[in-house]
Amino acid sequence: MTTRTGVRPVTERPQFERLALVLQGGGALGAYQGGVYQALAEADLHPNWIGGISIGAINAAIIAGNPPKERVARLRAFWERITAPPPWMPSIGTSMLGALEFGSEFLHTLVNQTQACTTLMNGAPGFFFPRQLPPFLGSANIETNSFYDVGPLRETLEELVDFDRINAQETRFAIGAVNIRTGNLEFFDNAERTLEPEHIMASGALPPGFPAVQVGGDYYWDGGLVSNTPLQWLRDSRPRQDSLVFQVDLWSARGEIPHDLVGIDLRQKDIRFSSRTRKNTDQFKQEQRLRRAAHRLLQLVSDQDLLNADSEMALLRAKADETVHNIVHLIYRAKSYEGSSKDYEFSRETMEEHWSAGYEDTARTLRHPDILKRPVTPDGVATFDLSEP
């Protein structure tokens with residue numbers, strides 16, 4: 001494992017009611033979120049609201065479904081399990097990785113692509129494995145219409161996640177999935193329903209690789225098909241509270257214009273799954289500006305009867321608030337050698353790279369003096385973004 005710098009516990013508690021962690025989807029890139037959480041845990045920053053989509057939903061469930069002292073170990077157990085190499089393909093080892101650092105980028109790309117192909121052929125242990133007869137002509141059973149069987153994921157979730165703890169609502173928890181019939185993104189929230197392994201699996205059911213998952217009377221696919229960022233859930237949830245939000249994204253919306261077919265495939269993936277992170281944040285800030293303006297306007301109205309009776313005033317009162325928010329963006333920036341297979345390259349070495357990147361990015365971010373302070377901006381929202389130059 002890569003040596004890490006270490007994170008000191010915070011000396012002052014953040015002056016926010018809600019400490020939120022929202023985790024984007026991104027397959028194998030999700031190990032980055034494990035490193036982010038390890039750094040937050042070492043800083044003694046334990047979220048009381050957690051939301052996720054796809055692989056972010058799995059990481060979020062492991063965090064919310066375990067006591068704080070066990071969360072990092074459980075995350076490590078998950079990621080080490082699903083990145084264990086096949087018996088016939090031993091790990092390339094740290095010495096080989098060191099050699100690659102001094103070798104050509106082409107060689108590193110070749111190693112990554114070989115490992116990604118291994119995942120395509122063999123799956124990931126404790127997560128998914130290929131079906132012997134992929135249903136190219138379709139199947140009467142919608143839950144087998146996929147290239148891979150995700151039965152092992154259910155067993156892994158049942159082992160590593162305490163769903164009684166999640167449903168006890170010690171931590172507010174939600175994951176997003178797409179209702180196939182309506183095409184709408186829905187959030188399964190432990191404040192509204194009892195959550196089980198199928199809710200987590202539905203959030204990560206990306207077709208045609210993974211099958212649809214039945215929840216209640218409906219079937220669901222990966223939430224990233226509509227929006228890969230669960231900030232919407234946080235924005236719309238009640239009660240509204242002063243919030244410190246760590247938004248952990250695995251795809252970068254910004255990038256260079258590609259000049260080959262591989263680059264085009266990678267760029268369209270980044271754009272599709274980044275879910276317009278900064279646009280969503282800008283929209284969040286605009287909505288908060290309007291809420292604060294409505295709050296100040298209502299304070300100027302002296303006629304209480306009007307406030308109680310007028311429907312428009314009642315609508316304003318329902319939307320108005322003076323809450324403040326710090327939104328901390330942590331965005332994984334992929335290495336050029338990772339290519340468009342980066343989300344299904346489940347090798348142990350690459351997992352460690354992703355985990356270390358998340359840890360180091362978070363450690364560096366937490367050294368910023370204003371991260372934990374209440375914002376003084378007119379709209380009550382401050383954003384921090386490591387990806388900015």
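The largest nonpolar core in this predicted model has 73 residues. Helix α2, residues 55–64, gives the most to it, with eight residues. Apart from this core lies another one, made of 15 residues, including Ile53, Phe187, Leu231 and Trp233. As a rule, nonpolar side chains in soluble globular proteins tend to be buried together.

Let's stop at Trp79 for a moment. Leaving aside neighbours within four places in sequence, Trp79 is in contact with Gly27, Ala28, Gly30 and Ala31, with Ile55 and Asn59, and also with Phe346, Met351 and Trp355.

Glu338 is buried, yet it has no salt bridge. What Glu338 does have is a side-chain polar contact with the side chain of Tyr332, at 2.4 Å, and another with the side chain of His354, at 2.8 Å. Beyond four places in sequence, Glu338 also touches Leu29, Asn112, Gln113 and Thr350, among others.

Last stop: Ile180, in the loop between β5 (172–179) and β6 (185–189). Ile180 counts as partly exposed because its relative accessibility is 29%. Its touching partners, not counting residues up to four places away, are Ala212, Tyr219, Tyr220 and Trp221. Ala212 is 32 residues from Ile180 along the chain, with 8.4 Å between their C-alpha atoms.

Technical notes
Residues are numbered from 1 along each chain as its sequence is written. This is a predicted model: local features need pLDDT of at least 70, side-chain atom pairs count only at pLDDT 80 or more; totals for chains, interfaces and linings use all residues. Side-chain values use heavy atoms; hydrogens and water are left out. Helices (H or I, at least four residues) and strands (E, at least two) are DSSP runs, numbered from the N terminus. Buried means under 20% relative accessible area, exposed over 50%, partly exposed in between (1.4 Å probe, protein chains only). Contact means heavy atoms within 4.5 Å. Lys and Arg count as positive and Asp and Glu as negative; His and the chain ends are not counted. A salt bridge is a side-chain nitrogen of Lys or Arg within 4 Å of a carboxyl oxygen of Asp or Glu. A polar contact is a pair of N or O atoms within 3.5 Å; within protein, one must be able to donate a hydrogen and the other to accept it, and residues adjacent in sequence count only if both atoms are side-chain atoms. A nonpolar core is a set of buried Ala, Val, Leu, Ile, Met, Phe, Trp, Tyr and Cys residues joined through side-chain atoms within 4.5 Å.
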